[in-house]
Amino acid sequence: MLQADVPVYTPATLAEARQLLQEPGTRPVAGGTDAMVRFKDGVWRPTAWVNLLRLRGELAYIREDGDWLEVGALTTFSELLASRVVRERAPLLAKAVRTVGGPAIRNMGTIGGNIGTASPAGDSLPALYALDAEVLVNGVTTIGIAELMLGPGRLKLQAGDLITGVRFRAQAPDEVCTFEKLGLRAAHAISLASVAVRLAPGMARVALGAVAPTVIRVPDAEAALVAGHAAAAAAAAQEAARPISDVRASAEYRRAMAGNLLLRGLMRMLGPNLVSPIGGDPR
Ligand SMILES: Cc1cc2nc3c(=O)[nH]c(=O)nc-3n(C[C@H](O)[C@H](O)[C@H](O)COP(=O)(O)OP(=O)(O)OC[C@H]3O[C@@H](n4cnc5c(N)ncnc54)[C@H](O)[C@@H]3O)c2cc1C
């Protein structure tokens, strides 16, 4: 539901959308699941909405290109989950997306909108960081996901820029991965803390969500995991976290959970005997 007093443009092409977005104060809207909430709460007051719905033919896709996968910005979470390619070649993204909202939100919400919101609690983002993803802008340039995210709600984009997709290398068949999320409820919960982990011989990726102004990678935790030290990795995750306190959780709790979620993920991936608690003997 878009408000009557704010014009809504529904361009048919990317070029037209970009032109409309050159006007100061305009804002793109994809699934609207964040946009409408922020508008209703008075957080966002655009001069006009540029509804991307008619660009779905151009921007809702999942493509394989050798070792790479590319996902169009208007691809919904439900479409990602329904994709055998994503489940088999990017299982980390599938695991993260499965935790988003409920079916209605997953049917409307898009991966481009999750990136566009630039929330440190956006659930696809830790997975995209751990996949070293590149974001496609205007269909022509790419920017690393970490470079794009400047802070909560802030992206390194110019007026008129649109996120058109995201690309990353497919995960190797010998990898294990997990996405762990802590919320106040089992479903429809915004992350209080989250962690995406990938492990393969000689390779580890650890990205934390909701414990800093942006999602963060934790190189010290990754190095500890490559060396086989689970407890040291969890301690590094806690150390790296820079959470805030808010109505949902204190900073101290979020920091502790960053380490605990990593340990939980490692146990899920590797079995309970492979990790020791923080403070115990690192393995
Ligand atoms: C009840 C509820 C539960 C939710 N649960 C979760 C959850 O569990 N996990 C989670 O991560 N999120 C959750 N969300 C938030 C939301 O659903 C997601 O962030 C979703 O991905 C937003 O996508 P959208 O297409 O609806 O974006 P929109 O609301 O249309 O847009 C979001 C922002 O991105 C910008 N934008 C959209 N598309 C583009 C583009 N192509 N290029 C540039 N900017 C763009 C918009 O201008 C806006 O700033 C929830 C929301 C609700 C209402």
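Touching, or contact, here means heavy atoms within 4.5 Å. Threonine 178 sits in strand β11 (residues 176-182). Strands (E, at least two residues) and helices (H or I, at least four) are DSSP runs, numbered from the N terminus.

Is threonine 178 buried or exposed? Threonine 178 is buried, with a relative accessible area of 3%; buried means under 20%, exposed over 50% and partly exposed in between, using a 1.4 Å probe and protein chains only. Its side chain also makes a polar contact of 2.6 Å with the side chain of glutamate 180. A polar contact is a pair of N or O atoms within 3.5 Å; within protein, one must be able to donate a hydrogen and the other to accept it, and residues adjacent in sequence count only if both atoms are side-chain atoms.

## What kind of model this is

This is a predicted model, where local features need pLDDT of at least 70 and side-chain atom pairs count only at pLDDT 80 or more, while totals for chains, interfaces and linings use all residues. Residues are numbered from 1 along each chain as its sequence is written, and side-chain values use heavy atoms, with hydrogens and water left out.

## Around the ligand

Which residues come nearest to the ligand? Of the 32 residues around the ligand, they are Pro28, Ala30, Thr33, Asp34 and Thr110; a residue counts as near if one of its heavy atoms lies within 4 Å. By class, the shell has 15 nonpolar, 13 polar and four charged residues. Ala, Val, Leu, Ile, Met, Phe, Trp, Tyr, Cys and Pro count as nonpolar, Asp, Glu, Lys and Arg as charged, and the others, Gly among them, as polar.

Now for the ligand's oxygen atoms. One is 2.6 Å from an N or O atom in the side chain of threonine 33, and one is 2.7 Å from a polar backbone atom of alanine 35. For the side chain of lysine 181, the distance from a ligand oxygen to an N or O atom is 3.0 Å.

## A helix with buried alanines

In helix α12 (residues 230-240), the buried residues are Ala230, Ala231, Ala233, Ala234, Ala236 and Ala237. Their cover includes β13 (203-209), α11 (219-226) and α13 (251-270).
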